[in-house]
Amino acid sequence: MFDFALTHAWLIPLLPALAFLIIGLGTRRDKDASAKIAITFSGLSFLLALGVLGAVITRPIVMADPFVMKTLWAKVGDIELSMGVLVDPLTAMMLFVVTTVALLVQIYSVGYMAHDPGAGRFFAFLSLFAASMLGLVLSVNFMQMYAFWELVGLCSYLLIGFYYYKDSAREAAKKAFITTRIGDFGMLLGILLVQLTFGTMDFVELKTLLPTYIWETGGGILTIIALLLFIGPIGKSGQFPLHVWLPDAMEGPTPVSALIHAATMVVAGVYLVGRAYFLFSALPVVLEVIAWVGGFTAFFAATIAVTQRPFKRILAYSTISQLGYMMLALGVGSLTASMFHLMTHAFFKALLFLCAGAVIEAMHEEADIFKMGGLRERMPVTFRCMAIGVLAIAGVPPLAGFFSKDAILAAAAEVSLPLYLLATATAFLTAFYMARLLFVAFFGEVKPDCPAQETNAWMRWPLVILAALSVVSGAWGHFAGFGEWIFYGPVGEEHIDWLIAGTSVALTAVAFYLAYEIYVMKRWSAYEISRRLGVLYRLSYNKYYVDEFYTVIRNTFVDKLGAVLYWFDLHVVDGVVNGLARFTGGLSGVLGLAENGQVQRYVAVFYCGVIALTAYSLLIAAMLLAVVGGAF
Amino acid sequence: MMDPFSLTFMDVFRFATHIGLAHFLLLAAVLFAIGLFGLLTRRGLIPALMCVELMLNAVNLNLVAFNRYLPMPDLSGQLMALFSIAVGAAEVAVGVALAFRVYRDRATVNLDDLDHLKG
């Protein structure tokens, strides 16, 4: 049975894609049928993913020896592009995570989209989104990955802009698409350079070719390739400075945010680096760049999250921060820690976002956490799930985040002290802002006109399942030997560094305590603190003015450049064409003077011509006679 | 070539009394020149057509004359002239019909006014 799943792994992305086609072409207008189709197909692909997971564990398939099935996709000149599936433990884990989250999000959406007339369209897009991500995960080469990568981007555009009648949603969709496109362009250059350098884009082949290549020619061009490739993940995984689209992506329906932030879109970047880790890990310079980009992003986003007020925006910045963690882990050389955190994060972030969706729907689209309060009593199940999510992301033992975050901290501590301190500070901030979110929204007095009530069963059960996963996935990964399963290079030993773990847990406790004192006991006024912090607070509240900075850049450089190019187009490009036309017109005017319509003038000109021709032929004849005259 | 200053009286006498090819050609050339002059100067459409006929007949005269003075005479020149006359007749028929239509349409047959094909 496992073997069947393994050899039919290509069905995993195909099933949701099929669901997309069926819904898109057929049942789009029928909400219930669309939901059923989407969930059925997702369920099937989830079962297949489970089967693949089983096959990988039982066979066993290891990182060094992946299972590959591929077929010719396109042939361009001498370049053969294949498409297929590559299954190793990393893929299996991702398949499991993506299908699980996608399935749960779709079930949740049945409840969430119950009153939305566009629900059919929504399920179609969700299916396509899942299909694209699954195709990306199974990619055998860079080109296939790039194709699905773009599909993921397209789906995010469609879903973020799902409420296309809202200006903000349209803008956010465009922003997400264009920002990630900037990254994709760099990545495409990297991929083409890979093809030029190695003559292949296949992951397995590249992995075998790489060591000899480095041995023979060194890492110069490879560093450029890897840095170009890394621009893609910077855009897709919301790393600084291309993170700006991610907080706006919450304009889509909340289940989409859950899917984007947890399982599909943003982890694609991390996954790419993980998949091509044989390339990145061979280049210390690139690793350092990745580590610092990740570490800085983690800290940077965490400081922003501390002061934000909308529920989902806090979570969005938290996502950026956590993705920074994953990049940091990759940068310090621990594929294991990164992928471990990717998995646990997928569960608890999906949980948090789905809770956010439940809360915001219950609050009738009110997103400001300071207008909530006391939801603990109104929505007990959601509260418990939310609390589990918060504890998990804050790294409280024995929940999922503790194990994965500890792994990252330990990995960072081994490589560089500054990075470790940055990561630890981030952990503290994470605990603080998540506690703030929880305390402000769920504790305290119930606001007098609060409409919140517990959500329906469709939305509740996915929360409970995700909460359970958030609890157990960390411990399971830790004790079941995640590190011996997904790794690169030497097998990392799974052990908890008690000093590092103790520090982070203590900091988490302090953060929780502070948040409790400030937001529940009101011992210190949050307003007073923000006033004291002055500039720092304003910087953080305004997200370091990155968006404004981009606006200024656009207004000063891009628009000016556009004006220059517009002028060039108007006067040089059009000028040449128009000038040609004007020249022809002028010439015709001059020649037209001869065509005055006077028949007799034509006759005169004609006879002049005849006379000229006659004179010429007589001249020729005379010359001929002079030469050969004697013969006649 | 004949040098006009070395012409004797006898030469002129012979030219005046013996009709030959040159006389016909001279007549045709004069006719042609008259026709051309008329075509270029007359303002009316009908006179212009008549001048064209004059030029045509000058050419016909040439054809017949050359035919008569061939070393081994046959009828090819005369045949050609007959063809030419037939075509000329057709041309006149069409030309006059056109002139008629032009007059009906434009209310004028003055060639200076018929410049609608001006570029």
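Student: Does helix 26 of chain A lie in the open or inside, and why?

Tutor: Bear in mind that this is a predicted model. To place a helix, count its buried residues. Of the 30 residues in helix 26 of chain A, the number buried is zero, so this helix lies largely in the open.

Student: Where do nonpolar residues go?

Tutor: In soluble globular proteins, nonpolar side chains tend to be buried together. Here the largest nonpolar core has 217 residues, and V52(A), A350(A) and V359(A) have the most contacts inside it. Helix 16 of chain A, residues 335-362, gives the most to this core, with 20 residues. Another core, of five residues, lies apart from it; L39(B), L45(B), C51(B) and L111(B) are among them.

Student: Which residues is A350(A) in contact with, leaving aside its neighbours within four places in sequence?

Tutor: The contacts of A350(A) on that basis are V101(A), L104(A), V105(A), A258(A), A262(A), A263(A) and L466(A).

Student: How do strand 1 and strand 2 of chain A pair?

Tutor: For a pair of strands, look at the sense and at the bridges. Strand 1 of chain A (residues 67-76) and strand 2 of chain A (residues 79-87) pair in the antiparallel sense, over nine bridges. In one of these strands, strand 2, S82(A) is the bridge partner of L72(A). The two strands form a hairpin with two residues between them, and G77(A) in the turn has a positive phi of about 60°.

Student: What radius of gyration does chain B have?

Tutor: Set the value beside that of a compact globule. For 119 residues such a globule would have a radius of gyration near 14 Å, but chain B has 20 Å. Along the principal axes, the C-alpha atoms of chain B fill a box of roughly 60 × 35 × 25 Å. Of its 119 residues, 9% count as buried.

Student: How many residues of chain B are in contact with chain A?

Tutor: 10 residues of chain B are in contact with 10 residues of chain A. On the chain B side that touches chain A, five residues are nonpolar, two polar and three charged.

Terms used: Residues numbered from 1 in each chain as written. Chains lettered and ligands numbered in written order. Predicted model: local features only at pLDDT ≥ 70, side-chain atom pairs only at ≥ 80, totals over all residues. Pairing = 2+ DSSP bridges. Helix = DSSP H or I, 4+ residues; strand = E, 2+ residues; numbered from the N terminus. Buried ≥ 20, exposed ≤ 12 C-beta atoms within 10 Å, placed from the backbone. Contact = placed C-beta atoms within 7 Å. Nonpolar A, V, L, I, M, F, W, Y, C, P; charged D, E, K, R; others polar. Core = buried A, V, L, I, M, F, W, Y, C linked by C-beta atoms within 7 Å. Rg over C-alpha atoms; globule rule 2.2 N^0.38 Å.
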